[in-house]
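Load the coordinates and keep the sequence beside them. The paragraphs below go from one residue out to the whole chain.

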Amino acid sequence: MAKNLLIVESPAKAKTIEKILGQDFEVKSCFGHIRDLEKDEMGIDVKKGFKPRYIVPDEKKKVVTELKQIAKKSDEVWLATDEDREGEAISWHLCEVLGLDPESTKRIVFHEITKPAIKSAVAAPRTVDMNLVNAQQARRILDRIVGFELSPILWRKMSMRGNLSAGRVQSVAVRLIAERERSINSFVPVSSFKVDAFFSAKDINGKAVQFKAEGSKYNQADDARKFLESCTGAKYSVADIQVKPTKKSPAAPFTTSTLQQEASRKLGYGVSRTMILAQKLYEAGHISYMRTDSVNLSDTAMDGITSQINTSYGKEYVQVRKFKNKNESAQEAHEAIRPTNMETIKVDIADAQKLYDLIWKRTMASQMADAELEKTIAKIEISTNKEQLTAQGEVLKFDGFLKVYMEGKDDDDENSEEDDAEGMLPPLSVGQQLNLREMKATERFSRPSPRYTEASLVKKLEELGIGRPSTYAPTISTILKRGYVEKRDKEGVKRDYRVLMLKDDKITTVTEQENTGAEKAKLFPTDLGLVVTDFLVQYFDDVMDYGFTARIENEFDEIALGKMKWNNMLNDFYIPFKEDVQNTLEKAERISGEKELGFEPESGKKVIARMGRYGPMVQIGDVNDEEKPRFAKLKNTQSIETITYDEAMELFKLPRVLGEFEEKPVQVNIGRFGPYIAHDGKFYSLSKEHDPYEVDLDTAIPIIIEKRKAKEERTIKVFEKEKIQLLRGPYGPYIKKGLRNFPIPKEKQESAANLEIAEVQKIIEEVIANPPKKRAPKKKKA
DNA sequence: CAGTGAGCGAGCTTCCGCTTGACTT
C-alpha cells in the first residue's frame, strides 16, 4: 500500500503522474468538482450571510466513497488539483469531505505534467488558500442566485412553454447574437466605385503579363465616370518604386478558444465536435490538456519542438518565443494545447487526425522563424491627370513558419477583402511607359458585420471575459437546446452592381450580378431568443450588461487577495438585484413580443404577430371578440420582428384544397408535427424541401403515390382497420398501434407475417406491462 | 395526431464550472 494519496482532477493526468512519482504515491482523480450547492430552494441561506448548503451529488458518490477508503489507508493525502479558483475550491471540498484539516493538508500545484515540474511541486507543498476558495464560493453563489432567480421569472412571464432558462453567461451570449442580427437587419449598404487599372508589362522571361494597379474610391458613379473620362487618351508611366522588407510572425500556440476558432475556419467543425476529438487525443496521451486559456509551453515541450524543427527544416527555421496572454481573465492553470510528443505524426484515432495535424503545425510554427517578405509599391503617373495609381506586389524571401502553418482568417477581419490577392509584380523601372489594357470602376457595397459562428461567438465571449474554456462548448449547446438560437445557412440574394469600363478610349457601363449575404452554419436568434433577451435587458440591465462579468471578476480578485469579504460582496450585489426581481414579478406584463401588423380589410379586425404557446404565430382578431380569433404559425425563416402584413395574410391561406386525385380532394395544411398533405383519410408529411405554401396538385400527387408505395412495401399486415399494423423496419418487423411502436420478441420475428390479432394484442400488453428500460431517469427530490 | 394559442392552476423546468463515462436506438 502506498503511503501517500495524491488527488488530481483528471484521470488521464493521474496515470501520467503516478508513473513520474513512483511507488510512494498512489495517484487518484476526483473527476472535477465533488460537491455542489443543493438544488432545492437555491441551496443558499441568504439570511445567514449567504451560507451555502453543499451536497455530494449522486453521480459523485462513488468517487467520493473510493477516495475516502483510500485516504483512510494512506498516511498522508496530497491535494494536487489545478492552480486556479475552481481547483482551489475542489481541494477545499476534498478536505471537507475526506475529513482533512485545510490548515495542514499538503496542497501542491504544477502547470505542466513534466517530471521536473512535478518533482519540484512535491518538494514545496503549501496549504489550501481560503481566500481563493472564498472567491470561488462567491462566484458559484452569485451564478446560482442569478440563474435560479431569473429562470423562474421566465416561466411565469413567458407565454411560450418549455424549459426556459437565464444565466450570467448564456443570456449575454444570446444578447450578442440578437443584437448582431438587428444590426444586420437595419444595415443600409452604401455603394462606392473602386478604380482598378490593368496594365501589361514584360516579365523576367520577356513574356507579357498583366498586373493590376489601384486608383481611388468614388462615392458617386458620376465622379468615377469623370475620372475615367479624364483618362481617355492618357499615357501611363512608372513614377516611383519603393521596395520594403516586411515580416510576418506566427500565432501563439492553441488555447481552447483559438483551437475552436481554427478548427471552425479550417476544418468546419462546430465547437463541440472539436472538443470531443481533442478529448480523445488527450485521453490517448497525444496532446496536453485541452481546456486551457494559457499560451505557455513547458521547457520540456520547447526542447522537443525546437529539435523537431531542426531535424525537419534546419537551424535557420528555429526561433524560440515566449507568448504572453492577451486577455486578463486568463487563469493559466495548464499549458497551451500541444502534442505531447512532436515526433508523433500519425494518431490512430477515428476522425482526430486532422485536428491533431492542426495542433502539431500550430505548435511547430509558434517556435519557427518569421517569414520575410518584400513588398513592392509602384506609383503610376497618368499624363492627363494629377492622380496616381498604385500597384502592389509581394515576394516571399524566406518562408519561415509559413512552411508549416498559416492562421486562417475570419470574414470579419479587416482588410480581408483586399489584401489576400497580392501577387508578384513584373520587373518595373522608373520612367517606364506602360500599356493600359483597361480601367474599371466597379461598384462595391459596404457590408454589415457577419453573423456569429459558434467559434466567433466563443472568441467574443472570451474577449469579454465571459465563460471559461470548459464551458464555451456547453454554453453554445444550451442556447441552441433552449431554442434561443438556431444554427443554419442563409441563402444569398442577387444584387446588381455597375461596372464602368474604359477600354480603347471608350467608356461603357455594364450591369452585373453578384450573390450577397450568403452564410453557412451561422447563429441566428429565434423569436423566443429575441423576446426573452428584450425582456431581460429591460428589467435586468445590470446583469445583462457586457461588462458585468468583468466587473464582478475584479471583485472576486479582491476577495482572492483577502481585500474584500465574500459575503459583503454578495450582499452588495443581492440587495438591488432582489429588488429588481420583486419589481419584475409584480409589474412586468406577460411577455409575448406582440407586434401589430395592420387590420383585415373585410372585418376590421387587428392582425398581430406574437409568441404563442407553441412558438411564433400571427393572429387575426382578439380573444374577447365574439368570433374566435384565427391563428397561423410562422414559417421557419420568418420572424415576428420582420414579418410584413402581406406575408402574415399569406399564412392564413392554409388549409388549402389543391384539387382532386382519384376523385378525392387533396388538401395541404400545417399540423403539430409540420406541414402535411391530406388525401383519402390519410396523411402524408411534407419534407423540408416542400414549402406548403408553394405546393400544388402536380407536386402533391407524386408525393402521395411515392409515400403510399413506400408504406405498402413496409406493411406486412393490417388489423382493425389500420389501427394496429405490422410493419417492416430497418431492424426487423415491429407493431405500430396508433403512434406507439412495439418490438416483437426475437423468437417470433421470423414468423411475424403469420401473427394473428390475438397474439399481437398479447405482445402489446406485455410490452406495456414491462416497458423496455429507458435511459436512467433524472433524480427527483426525496 | 393532423385541433392549439387566453385563463383556470397542479407539477414540471433552471445557473456556471470542474471532470468523464453510462445510457439508449
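Is K13 buried or exposed? K13 is buried, because its relative accessible area is 8%; buried means under 20% relative accessible area, exposed over 50%, and partly exposed in between, with a 1.4 Å probe and protein chains only.

Some ground rules come next. This is a predicted model, in which local features need pLDDT of at least 70 and side-chain atom pairs count only at pLDDT 80 or more, while totals for chains, interfaces and linings use all residues. Residues are numbered from 1 along each chain as its sequence is written, chains are lettered from A and ligands numbered from 1 in the order in which they are written, and side-chain values use heavy atoms, with hydrogens and water left out.

Back to K13. Its place is in helix α1, residues 11-21. Helices (H or I, at least four residues) and strands (E, at least two) are DSSP runs, numbered from the N terminus. Leaving out residues up to four places away in sequence, K13 touches V8, D82, I113, Y282 and H334. Contact here means heavy atoms within 4.5 Å. The charged end of K13 also sits over the ring of Y289, 5.1 Å from its centre. The rule for this is NZ of Lys or CZ of Arg within 6 Å of the ring centre and within 35 degrees of the ring normal. K266 is placed over a ring too: its charged end lies 4.2 Å from the centre of the Y405 ring.

Now the sheets. An open sheet of four strands runs in the order β2-β1-β7-β8, with parallel pairing. Its edge strands are β2 (25-29) and β8 (106-107), and each pairs on one side only. Two strands pair if DSSP finds at least two bridges between them. Strand β1 (residues 4-8) and strand β7 (residues 76-79) are joined in the parallel sense over four bridges. Within that pair, N4 stands opposite E76 in β7.

Strand β9 (residues 191-202) is joined to strand β10 (residues 208-218) by nine bridges. D196 stands opposite E214 in β10. The hairpin has five residues between the strands, and G206 takes a positive phi near 80° there.

Turn to the aromatic rings. Rings of Phe, Tyr and Trp (its six-membered ring) pair if their centres lie within 6.5 Å; planes under 30 degrees apart count as stacked, over 60 as edge-to-face and the rest as tilted. By this rule the count comes to 14 aromatic pairs. F50 and Y574 are edge-to-face because their planes stand at 80°, with the ring centres 5.5 Å apart. This pair links distant parts of the chain: F50 is in the loop between β4 (44-45) and β5 (51-52), Y574 is in helix α17, and 524 residues separate them. F50 is buried at 2% relative accessible area, and Y574 counts as buried at 12%. Y676 and F683 have ring centres 5.5 Å apart and planes at 70°, so this pair is edge-to-face. Y676 counts as buried at 19%, whereas F683 is exposed at 61%. F540, F548, F573 and F577 form one aromatic cluster.

E589 counts as exposed because its relative accessibility is 66%. It touches K157 and Y539, not counting residues up to four places away in sequence.

Next, the interior. In soluble globular proteins, nonpolar side chains tend to be buried together. A nonpolar core is a set of buried Ala, Val, Leu, Ile, Met, Phe, Trp, Tyr and Cys residues joined through side-chain atoms within 4.5 Å. The largest one has 144 residues, and I7, L94, L281, I287, L457, L536 and V618 touch the most other members. Helix α5 (residues 130-157) gives the largest share of this core, ten residues. A second, separate core of 28 residues includes F193, V195, A391 and A441.

Finally, zoom out. Chain A has 21 helices and 30 strands. Buried residues make up 47% of its 782 residues. Its C-alpha atoms fill a box of roughly 90 × 90 × 65 Å, taken along the principal axes. Among contacts between residues at least 6 apart in sequence, 68% join residues at least 24 apart.
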